[in-house]
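Hi,

Here is the structure I promised to pass on. Have a look, and then read on for what I found in it.

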Amino acid sequence: MRFRFKHHVIDADLPGNMYAQTALADLDNDGRLEYIVGQRCGDIFWYKMYTPERWTRHLLGVDSPSDVGGAPLDVDRDGYMDFVTGGAWYRNSRKADTPFTRIVFDPHLNSVHDLAVADIDGDGHPEVLTMSDQNNLRWYKIADDPTQPWVRHDVGPGVHAGLSVGDLNGDGHLDIVRTNVWFENLKGDGTAWQVRPIGPNTPPPADFQPYFAFDATISFVCDMNGDGKNDIVFVDAEIPGGKVWWMENVDGLGRAWQRHEVYNWDPAREPRRGAYHSLYVGDLDGDGDWDILSCEMEGVPGEEAPRYYIWENLDGKGGQWREHVILDVNLGGHAAVVGDVTGNGLPDVIAKPWIPRPDNALGGKMFVVFLENLGPDDSP
C-alpha cells in the first residue's frame, strides 16, 4: 500500500513566528472542518476551505494567553464551537469577519504547553486540563456561568509536555498521562490522585539541552494491540534524534509496562532527524487498527530537510511497522492536526512550523501547509 497526499501551501504570509494552538473544528456550523492556529501571546486565526487550493484566513481572537495548547469546546453550550487557550476562552461570534469574544477564566494561567478537554469528574460534561513546565498539571471545572472564574483543581507537578487522558486501570474513570508517569483518578471525580510510573523517555542529546528538551513528549492513550487494555503512544517532541514508541499496559492496571519501538533512530544508518512535535494516532489506511503520523520540526531541525511520516501498523497489534514518507518538500511541521477536511471520508493533514528555517522551500517564510489525502494506491 502507498499513501498519497497532495500538498497545498494555503498561507505563506503569516506574520511573525511561534505559532501553535492548532485544532480542527466546525466553527460556522456548515458541516465542514475549519483550521485554527494561534501565535504565542498573539493573534489567533481560523481558515475556511473552499477548495484544497483556496482558503480564507479570519481573525478568531487577540492576545492569546497561551504558548502551544488550545482546544475547541462549546463552552457556553449554545451549539457553536468556542476556543479555549491558556487561561481564556473565546466565544464564537457566529460571523466570519467578527473576532470571537475573549473571556478570561484564570488571569494567572499563562504559558500553557498542553491543553486537553475531557470529563475528568464523571458528571457528563467536559473539563479543561492544562500543563507546562511553567505551571503545574491541573484541571478546571467550567462555571455554570462560564464568563465567571472557573474552579481550579491541582493534580500534580508539571513537565514541559506529554499530557493525555484515558482509563489506564479499567475502572471506568479517566486518568491522566504526564510523559513518564500517570495519575490515577482514585475516586473518579478528580479530587484525589495517585502517581504511578510509566517508564523513562529519551534524554536530550549532549549537544541539545535547553530547559524545554527535558521530559517533553506528545502522548496518546489507545488500545494499540487490541487486548482490551489501554496503552500509551509517545513521540519525543523537543529533541533531534528522537524516538517513536508505545508502552504496553501489560497487567491492565497501569502497574506493569513494556516498551515497543516504532521508530528508533540509528546514527549508523541515517542522518539525525528533527524533533517530532506532532502526533496523530488513528486508522490512516482504513484497515481498522491504529497507525501513527508525525513530522519533523523546522525549529528543532535534523541534519537534512524535514519530512512527514506515517508508520503503518502492519500486524494490527503494534508489533510490526512500515514507515512511509508522505511529504518531502523541505517544509517542516509542528502541532500537526488530522481530520477529514475535504469531506471525502479520508483523513487530511494540516501543519505549520513553530519557527521556520531560513532555508525552507519558501525562503524562510512562515506558512500553513495542507496535505490533501488522495486515497491509497494499492497497485503492486
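Which residue in S25 is the bridge partner of glutamate 312? It is arginine 322. Before the rest, a word on the ground rules: this is a predicted model, where local features need pLDDT of at least 70 and side-chain atom pairs count only at pLDDT 80 or more, while totals for chains, interfaces and linings use all residues. Residues are numbered from 1 along each chain as its sequence is written, and side-chain values use heavy atoms, leaving out hydrogens and water.

Overall, the protein has 28 strands and zero helices (DSSP runs numbered from the N terminus, E of at least two residues for strands, H or I of at least four for helices). With a radius of gyration of 20 Å against the 21 Å from the globule rule for 380 residues, it is as compact as a globular protein of that length (taken over C-alpha atoms; the rule is 2.2 Å times the number of residues to the power 0.38). Buried residues make up 57% of the 380, buried meaning under 20% relative accessible area with a 1.4 Å probe, protein chains only.

Now for S24, residues 308–313: six of its six residues are buried, so the strand is largely enclosed by the rest of the structure. One side carries Tyr308, Ile310 and Glu312, the other Tyr309, Trp311 and Asn313.

S24 runs antiparallel to S23 (residues 291–295), joined by four bridges, with serine 294 opposite tyrosine 309. S24 also pairs with S25 (residues 321–327), again antiparallel, over six bridges; pairing takes at least two DSSP bridges.

Cheers

Technical notes:
Buried means under 20% relative accessible area, exposed over 50%, partly exposed in between (1.4 Å probe, protein chains only).
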